[in-house]
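Visitor: I have a structure open and would like to go through it with you. Can we take it piece by piece?

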Amino acid sequence: LTVETAADDFHARYSALEKTYIYRIVNGPVISPFWWRYVHHDARRLDLEGMKRGAELFLGKHDWTAFSAAQSDVEDRVRTITRLEILPRVDERLRGSLIEIRVAADGFLRYMVRAIAGTLLALGRGELNLDTVGEAIETGNRPAAAVTAPAHGLTLLSVRYE
């Protein structure tokens with residue numbers, strides 16, 4: 001860990017150039033007590049390849065109205081997602097499958113990462129198709145099947161400054 005002197009006009013939130021979040025899902029019949037506070041548990045079968053194809057739709061600069069809090073007071077809901085990966089892992093303590101959704105962008109709106117994670121999970125369960133997800137991104141109308149994922153799976157991984 002390091003400490004540096006920051007400029008007088010530095011702001012921890014507004015001076016950030018890129019933020020990266022991880023949303024973790026335990027995908028199996030049971031969840032380890034070591035993980036239950038830090039991951040979302042979904043025991044249903046997930047189509048990881050379908051989720052990866054869906055992740056590609058989110059890349060780029062878009063208006064994220066459909067994937068943010070309805071009662072937000074921000075003036076501009078346009079953000080650029082630079083990376084969105086679906087990373088399956090095996091964890092020894094978990095003794096099962098752990099799926100990480102890693103997303104990096106120039107900024108995020110309230111609930112945006114959780115809304116994207118919920119949409120990708122619905123896609124992985126077969127409740128949505130790629131056309132519906134693409135339409136939601138384009139029109140700003142999120143389908144009812146794409147619920148916002150719970151908060152306990154979300155972790156801020158890193159913030160990049162100049």
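**Salt bridges and the rest**

Guide: One place to begin is R44, which is partly exposed because its relative accessibility is 47%. Keep in mind that this is a predicted model.

Visitor: What does R44 form a salt bridge with?

Guide: Its partner is D42, and the closest N and O atoms are 3.0 Å apart.

Visitor: Is D42 buried or exposed?

Guide: D42 is buried, at 2% relative accessibility.

Visitor: How many salt bridges does the count come to?

Guide: The count comes to 10 salt bridges. One of them joins E18 to R160, with 3.8 Å between the closest N and O atoms. That pair links distant parts of the chain, 142 residues apart: E18 belongs to strand 1 (residues 18-26) and R160 to strand 6 (residues 154-160).

Visitor: Which residue does R125 pair with?

Guide: R125 forms a salt bridge with E127, and here the closest N and O atoms are 3.0 Å apart. E127 is partly exposed, at 39% relative accessibility.

Visitor: Change of topic. In what order do the elements of the chain run?

Guide: From the N terminus on, the order is β-β-α-β-β-β-α-α-β. That makes three helices and six strands.

Visitor: How much of the chain is buried?

Guide: Buried residues are 43% of the 162. The chain exposes about 9,700 Å², and carbon and sulfur atoms supply 50% of that area.

Visitor: Now helix 2. How many of its residues are buried?

Guide: The number is 13 of 13, and helix 2 is described as mostly covered. Helix 2 covers residues 112-124 and reaches 18 Å from its first C-alpha to its last, close to the 18 Å expected at 1.5 Å a residue.

Visitor: I see a glycine in there, G118. What is G118 in contact with?

Guide: Leaving aside neighbours within four places in sequence, G118 is in contact with V147 and A149. G118 lies in helix 2 and is buried, with 4% relative accessibility. Its C-alpha is 14 Å from that of W64, a residue 54 places away along the chain.

Visitor: Which residue just after helix 2 takes a positive phi?

Guide: That is G126, with a phi of about 85°. Y111 also has a positive phi, about 70°, although Y111 is not a glycine. Most residues other than glycine have a negative phi.

Visitor: Where is Y111 found?

Guide: Y111 is in the loop between strand 5 (96-105) and helix 2. Its relative accessible area is 34%, so Y111 is partly exposed.

Visitor: On to helix 3. Which residues are buried there?

Guide: In helix 3 (residues 130-139), the buried ones include V133, G134, A136 and I137. These four lie on the same side of helix 3, because they cover an arc of only 155° around the axis. On the other side, D131, E135 and E138 are exposed.

Visitor: What do the buried residues of helix 3 pack against?

Guide: They pack against helix 1 (48-57), strand 3 (60-63) and helix 2.

Visitor: Last one: H40. Where is H40 found, and which residues is it in contact with?

Guide: H40 is in strand 2 (residues 40-41). Apart from neighbours within four places in sequence, H40 is in contact with Y23, R24, I25, V26, L121, P150, H152 and G153. H40 is also buried, with 14% relative accessibility.

Key
Residues numbered from 1 in each chain as written. Predicted model: local features only at pLDDT ≥ 70, side-chain atom pairs only at ≥ 80, totals over all residues. Heavy atoms only, no water. Helix = DSSP H or I, 4+ residues; strand = E, 2+ residues; numbered from the N terminus. Buried < 20%, exposed > 50% of the residue type's maximum accessible area, 1.4 Å probe, protein only. Contact = heavy atoms within 4.5 Å. Salt bridge = Lys/Arg side-chain N within 4 Å of Asp/Glu carboxyl O. Expected span 1.5 Å × (residues − 1). Areas by Shrake-Rupley, 256 points an atom, 1.4 Å probe, with all protein chains shown as cover. Arc of directions from axis to C-beta.
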